[in-house]
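Here are some friendly notes to read with the model open beside you. Take the points one at a time, and look for each named residue as you go.

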Amino acid sequence: PATLGKVMQLNPVSYQYNHQTDERYTLGFIAQEVQPLFPEIVFTGEDGKLGMSYANTGVIAIKAIQEQQQMIQAQQSLIETMQKQIQALEEKLSEK
């Protein structure tokens with residue numbers, strides 16, 4: 001789960017822009033922290049500051065969900081196998 005592992009390293013933050021005059025906070029990520037994980041969504045603006053393409057974070061989230069679903073399905077398969085093994089053992093024990 002390459003994408004999921006990187007998503008788990010993301011650190012959502014609440015912040016205010018330096019030029020902001022009201023007290024509203026914005027939710028997001030620090031581009032410098034995201035860049036090593038997902039460089040494809042980080043860009044350098046004309047002012048030389050890093051920014052992020054938040055529109056692409058949905059694609060990353062969907063990929064992480066798909067990886068989670070694969071893990072869930074594998075776990076479900078293992079649970080079903082283990083349930084069958086337990087049932088078989090219980091049947092053997094009850095035969096004695």
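1. What share of the contacts in the protein with a separation of 6 or more comes from residues 24 or more positions apart? The answer is 32%. Please keep in mind that this is a predicted model, so every value here is computed from predicted coordinates.

2. Let us start with the overall plan. The protein has three helices and four strands, and along the sequence they come in the order α-β-β-α-β-β-α. The radius of gyration is 23 Å, whereas the globule rule gives 12 Å for 96 residues, so the protein is more spread out than a compact globule. You can see this in the box that the C-alpha atoms fill, roughly 80 × 30 × 15 Å along the principal axes.

3. The accessible surface is about 7800 Å², and carbon and sulfur atoms supply 56% of it. Of the 96 residues, 18% count as buried.

4. Which residues of α3 are buried? They are Ile-60, Ala-64 and Glu-67, and helix α1 (2-9) is part of what covers them.

5. Leaving aside residues up to four places away in sequence, Thr-3 touches Ile-60, Ala-64 and Glu-67, along with Lys-63 and Phe-38.

6. Phe-38 leads us to the largest nonpolar core, which has nine residues. Its members are Leu-10, Ala-31, Val-34, Leu-37, Phe-38, Ile-41, Val-42, Met-52 and Ile-60. Take Leu-10 as a way in: not counting residues up to four places away in sequence, Leu-10 touches Val-34, Leu-37 and Phe-38, and also Phe-29.

7. How many aromatic pairs are there? The count comes to two. In one of them, the rings of Tyr-15 and Tyr-17 have centres 5.5 Å apart and planes at 85°, so this pair is edge-to-face. Tyr-17 is partly exposed, with 42% relative accessibility.

8. Phe-29 and Tyr-54 also form an aromatic pair, and this one is stacked, with 6.4 Å from centre to centre and 20° between the planes. The two residues are 25 residues apart, so to speak on distant parts of the chain: Phe-29 lies in the loop between β2 (26-28) and α2 (31-34), and Tyr-54 in the loop between β4 (50-52) and α3.

9. A last stop is Asn-56, in the loop between β4 and α3. With 33% relative accessibility, Asn-56 counts as partly exposed.

Technical notes. Residues numbered from 1 in each chain as written. Predicted model: local features only at pLDDT ≥ 70, side-chain atom pairs only at ≥ 80, totals over all residues. Heavy atoms only, no water. Core = buried A, V, L, I, M, F, W, Y, C linked by side-chain atoms within 4.5 Å. Buried < 20%, exposed > 50% of the residue type's maximum accessible area, 1.4 Å probe, protein only. Contact = heavy atoms within 4.5 Å. Phe/Tyr/Trp six-rings, centres within 6.5 Å; stacked < 30°, edge-to-face > 60°. Rg over C-alpha atoms; globule rule 2.2 N^0.38 Å. Areas by Shrake-Rupley, 256 points an atom, 1.4 Å probe, with all protein chains shown as cover.
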